[in-house]
Amino acid sequence: MMDGQGKSDRSIVPEKASNEAGELVEEALEGRDLAKRNSRERDTIRTQGREVVNSALERVRQAAKGGKEEKFTALLHHVYAVDTLREAYYAIERDAAPGVDGQTWRTYGEGLEENLRDLSLRLKRGAYRASPVRRVYIPKADGKRRPLGVPVVEDKIVQRALVMVLEAIYEEDFLGFSYGFRPERSAHDALEALDRGLMTKKVNWVLDADIRGYYEAIDHEWLVKFVEHRIGDRRVVRLIQKWLKAGVLEDGEWTRREEGVPQGGSVSPVLANVYLHYVFDLWVEEWRKRRARGDVIVVRYADDFIVGFEHRSDAERFLGELRERLARFNLELHSEKTRLIEFGRYAEQNRRERGLPKPETFNFLGLTHICGRGRNGRFTVRRQTMRERMRAKLREVKAELRVRLHDPIKEVGEWLRSVVEGHQRYYGVAGNYRALSRFRYFVVRLWWRALRRRSHKDHLRWERMARLATRWLPLARIHHSYDEWASRMRRPVQLSLGV
């Protein structure tokens with residue numbers, strides 16, 4: 001139901017899902033066939049439920065597309081529907097760490113249908129309570145640690161169910177140059193959009209910006225106001241507020257947070273995107289149209305964004321006004337990670353004429369971007385793996401090889417193959433072949449040294465090590481080219497660049 005102009009639209013309200021579906025019968029002792037039948041029944045329940053969920057979300061999506069300024073006043077029934085909760089359960093990570101209650105995905109699933117029906121009823125009558133998140137830390141490439149919040153399984157399910165509903169609405173609102181944590185959009189899409197913008201638009205200056213402690217700085221009051229622009233269902237808003245106020249449990253001590261959303265929950269990336277949609281995206285789109293004198297391109301991935309300018313005056317004015325804009329919403333740019341640099345087709349020539357060295361480089365999504373020349377002598381943007389990222393990954397490999405020192409070669413080889421393949425699938429962009437080859441070479445060297453430590457008598461010769469590397473480790477390969485990216489994009493390149 002929507003409240004725009006006092007009209008109601010019941011077409012977005014799905015048919016009531018049956019709460020009786022999915023009742024499992026007790027298995028007999030010798031019931032192999034019965035066990036298989038139960039498995040088929042569960043598959044049938046899930047398949048039928050997925051069709052109901054998709055149909056309901058499509059109606060929400062069409063309503064959001066047709067009324068950009070309307071508010072949704074009846075959404076919670078989409079969240080607490082058992083079919084939606086079931087889909088959410090299967091969508092969350094199965095091997096993730098447990099929350100403060102110690103419950104895992106598998107233990108919750110032992111009585112799945114009963115648990116989901118109980119959860120649905122508590123959500124419906126407002127008896128659902130959010131649990132504190134368990135604070136853990138993961139290492140970053142720069143040696144620092146990133147805080148993550150681990151919710152309990154039940155909170156993960158409800159958050160994931162709400163995300164499915166929110167995405168149906170906000171994917172019709174979010175702008176084309178926003179890429180982070182959105183369906184059908186990846187970091188490689190953002191990288192290729194940036195590459196096309198730098199290559200095809202009049203870009204001479206680049207603002208490489210990062211928001212300091214973004215997830216921890218999000219203002220709860222402003223966030224709720226932004227959500228209420230589209231969500232008029234107070235029950236959904238209160239559900240979000242419950243997670244914001246649940247607090248953090250660290251070393252047995254509970255702490256209430258007055259600001260920030262914990263990284264780790266399913267709903268956090270969507271809320272973070274909603275916040276920046278109103279704080280940054282809409283503002284920068286309007287600034288580009290009304291204030292800029294020349295071309296401006298924008299690519300944002302979560303709290304990291306790149307803005308390219310034709311004129312330095314535009315860039316400097318934009319940076320000053322951006323600082324003021326962010327300060328209004330309790331945010332600030334990271335002074336060490338935010339830079340305005342000369343970068344683009346004519347940057348090298350212009351700097352040479354002024355007696356300056358080559359243009360500076362900038363990092364974005366793990367890749368260093370460099371002004372270069374192709375084989376034909378024309379300007380191109382070279383991209384290579386950030387040195388800090390490669391060194392951090394090699395340190396991880398070295399530490400793990402010590403743990404696996406006496407494991408069979410087959411097991412270690414299979415593990416290293418997965419490491420190298422995963423590295424190449426992310427960093428395998430056009431022009432980065434040499435860095436991929438270096439990473440593989442260093443992995444081989446680390447493995448060689450580890451194998452030589454296994455015995456003081458048997459000194460493994462490099463010739464044999466080379467054969468092992470050929471057997472187990474894939475050669476460097478480019479996985480992402482512009483043609484592949486362009487064929488995947490649903491929206492025009494111009495919209496994806498924010499131009």
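**Cavities, a helix and a few loop residues**

Start with the lining of the largest cavity: by class, eight of its residues are nonpolar, four are polar and four are charged. Keep in mind that this is a predicted model.

That cavity has a volume of about 140 Å³, and 16 residues line it. Nearest its centre are Val248, Arg257, Gly260, Val261 and Pro262. The elements giving two or more residues to the lining of this largest cavity are β2, residues 145-150, α8, residues 214-217, and α10, residues 234-245. The largest share comes from β2, with three residues.

How many cavities of 30 Å³ or more are there? The count is eight. As background, empty space of this kind shows up when a probe the size of a water molecule is rolled over the atoms.

The second largest cavity holds about 110 Å³ of space. Its lining has 14 residues, and those nearest the centre are Gln159, Trp243, Pro262, Val267 and Ser268. For the second largest cavity, α6, residues 153-170, α10, and α11, residues 267-290, each supply at least two lining residues. The most come from α11, which gives three. By class, this lining divides into nine nonpolar residues, four polar and one charged.

Now the chain as a whole. The protein chain has 19 helices and 11 strands. Of its 499 residues, 48% are buried. If you take contacts between residues at least 6 apart in sequence, 72% of them join residues at least 24 apart.

Does the length of α7 agree or disagree with what its residue count predicts? Helix α7 covers residues 187-200, which is 14 residues, and at 1.5 Å a residue it should span 20 Å. Its end C-alpha atoms are 20 Å apart, so the two agree. This helix is also mostly covered, with 13 of its 14 residues buried.

Which of them is buried and which is exposed? Arg182 has a relative accessibility of 5%, and because the cut-off for buried is under 20%, Arg182 counts as buried. Glu184 has a relative accessible area of 61%, which is over 50%, so Glu184 is exposed. A polar atom of the Arg182 side chain lies 2.9 Å from the backbone oxygen of Leu175. Glu184 is not a glycine, yet its phi is positive, near 65°.

Ala302 also has a positive phi, near 60°. Ala302 sits in the loop between β6, residues 296-301, and β7, residues 304-309. With 8% relative accessibility, Ala302 counts as buried.

Last, His334, in the loop between α12, residues 312-328, and β8, residues 339-342. His334 is buried, at a relative accessible area of 11%. A polar atom of its side chain lies 3.2 Å from the backbone nitrogen of Glu336. Leaving out residues up to four places away in sequence, His334 touches Asp210, Ile211 and Arg212.

Definitions and conventions. Residues numbered from 1 in each chain as written. Predicted model: local features only at pLDDT ≥ 70, side-chain atom pairs only at ≥ 80, totals over all residues. Heavy atoms only, no water. Helix = DSSP H or I, 4+ residues; strand = E, 2+ residues; numbered from the N terminus. Expected span 1.5 Å × (residues − 1). Buried < 20%, exposed > 50% of the residue type's maximum accessible area, 1.4 Å probe, protein only. 1 Å grid on protein atoms, 1.4 Å probe; cavity = no way out; pocket = protein on both sides within 12 Å on 5 of 7 lines; lining within 4 Å. Points joined across faces, edges and corners; volume = space filled by probe spheres on them. Nonpolar A, V, L, I, M, F, W, Y, C, P; charged D, E, K, R; others polar. Polar contact = N/O pair within 3.5 Å; in protein donor to acceptor, adjacent residues only side chain to side chain. Contact = heavy atoms within 4.5 Å.
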